[in-house]
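Work through these exercises with the structure open beside you. Try each task before you read its solution.

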Amino acid sequence: MSKILITGAAGFIGFHLSQKLLANGENVIGIDNLNDYYDVSLKQARLEQLFNRKNFQFFQIDLANRSKLDELFANCKPDVVVHLAAQAGVRYSITHPHAYVDSNLVGFTNILERCRHAEVQHFVYASSSSVYGANTKIPFAVGDRVDHPVSLYAATKKANELMAYTYSHLYQIPTTGLRFFTVYGPWGRPDMAYFSFTQAILSGKPIKVFNYGKMRRDFTYIDDIVEGIVKVTNKIPQSNLTAEKKSAPYKIYNIGNNQPVNLVEFIETLEKHLGVKAQKELLPMQPGDVPETYADIEDLMKDTGFKPKTSLDVGLKHFVDWYRSYYRV
């Protein structure tokens, strides 16, 4: 039974991953700073679901606090670290750049350093499909160049991949980065479009549809994402130390649904499950956004057997059912 440290355990993906690992009999150590980027009560409600599970410990720690992290690693001695804590959101990075430097660069470095000194078996971390930025080749493949980020958020995630590679190369720490593609589902993030659309539609308010609806997203249901993370966590990258070649124990994967959906179709599916028609406010593209995301997941499927199973119709129904129950609407 492994000790798995999950940063961002009160977040959307961290909460669901914690539930899955606990159900699998693992020991889970969760940390989160419970910041107010979105509704803190939702984060606390997620944690309440975890507190009554055995083999779960939680610590409220900010990634910038090196002494607290040192103490945590010394006392808990995790075997594996899944680093999901980060300042999220493309649009927020336009107005709050320092939040991304503090969390996604300084915080990431602090976690890497703790992993180095603790000699963890595997460091798995969240990257993002945003790293593909201005790329026009579709679908996005891990081997594509990602040199043109169009938001500071994307730039910090690309920096994380480079930092992880450096630590894998210098210290032989096995690291795996996951480029997530538009994750959705119950207990999700209120700043995501599907969540804010639902909130607005049920309140009788118009929804903001950017790029006049000419967008496509590789929406990926949370259960599929978590299944993929678990598979990746168990697939530790190996070094190649032959005389001819030396490679670091480092991997990057796309993790998505591999089936992009038009935004208009997405809204129609959401309307169907809500039983309410949306009022639409058509707007131009937002700074930092991209018109399409589409994940090439061949490497992940080949290496781990990952295969997303949840259709948009089923996934949105699960979300709407949860939303109505949680908010009593």
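This is a predicted model.

**Exercise 1. Find which residues of α1 and α2 meet, then describe how the two helices lie.**

Step 1. Start with the residues. From α1 come Phe 12, Phe 15, Ser 18, Gln 19 and Leu 22. They meet Arg 46, Gln 49 and Leu 50 of α2.

Step 2. Sort them by class. The contact of α1 with α2 holds four nonpolar, three polar and one charged residues.

Step 3. Turn to the axes. Two packed helices are described by the angle and the distance between their axes. For α1 and α2 (residues 40-51), the axes come within 10 Å and cross at roughly 10°.

Step 4. Name the arrangement. Angles under 35 degrees count as roughly parallel. Therefore α1 and α2 are roughly parallel to each other.

**Exercise 2. State the strand order of the open sheet and how its strands pair.**

Step 1. Read off the order. The seven strands run β3-β2-β1-β4-β5-β6-β13, and the pairing is parallel.

Step 2. Look at the edges. β3 (56-60) and β13 (250-255) each have a single partner strand, so one side of each has no neighbour in the sheet.

Step 3. On average, neighbouring strands are turned by 20° against each other, direction ignored.

Step 4. α1 (residues 12-23) lies across β1, β2, β3, β4 and β6, at about 165° to β1. α8 (residues 222-233) lies across β4, β5, β6 and β13, at about 165° to β6.

**Exercise 3. Describe how β4 pairs with β1 and β5, and which way its side chains point.**

Step 1. Take β1. Four bridges join β1 to β4, and the two run parallel. Leu 5 has Val 81 in β4 as its bridge partner.

Step 2. Take β5. β4 (residues 80-83) and β5 (residues 122-128) also pair in the parallel sense, over four bridges. Val 82 stands opposite Val 124 of β5.

Step 3. Recall the rule. In a regular strand, side chains alternate between the two faces of the sheet.

Step 4. Apply this to β4. Val 80 and Val 82 point one way, while Val 81 and His 83 point the other way. All of these are buried.

**Exercise 4. Describe the packing of α3 against α5.**

Step 1. Find the angle. The axes of α3 (residues 66-76) and α5 (residues 97-118) come within 10 Å and cross at roughly 30°. The crossing is right-handed.

Step 2. List the contact. α3 supplies Arg 66, Leu 69, Asp 70 and Phe 73. α5 supplies Asn 110, Ile 111, Arg 114, Cys 115 and Ala 118.

Step 3. Sort by class. Five of these residues are nonpolar, one is polar and three are charged.

**Exercise 5. Is Ile 111 buried or exposed, and which residues does Ile 111 touch?**

Step 1. Locate the residue. Ile 111 is in helix α5.

Step 2. Use the cut-off. Buried means under 20% relative accessible area. Ile 111 has 0% relative accessibility, so Ile 111 counts as buried.

Step 3. List the touching residues. Leaving out residues up to four places away in sequence, Ile 111 touches Thr 7, Leu 63, Leu 69, Val 81, His 83 and Phe 123.

Step 4. Link back to the strand. Val 81 and His 83, both touched by Ile 111, point one way from β4.

How values were computed. Residues numbered from 1 in each chain as written. Predicted model: local features only at pLDDT ≥ 70, side-chain atom pairs only at ≥ 80, totals over all residues. Heavy atoms only, no water. Axes fitted to C-alpha atoms, helices over the stretch in contact; angles between N-to-C directions. Left-handed = near helix turned anticlockwise from the far one by under 90°. Contact = heavy atoms within 4.5 Å. Nonpolar A, V, L, I, M, F, W, Y, C, P; charged D, E, K, R; others polar. Pairing = 2+ DSSP bridges. Parallel < 35°, antiparallel > 145°, perpendicular 65-115°, else oblique. Buried < 20%, exposed > 50% of the residue type's maximum accessible area, 1.4 Å probe, protein only.
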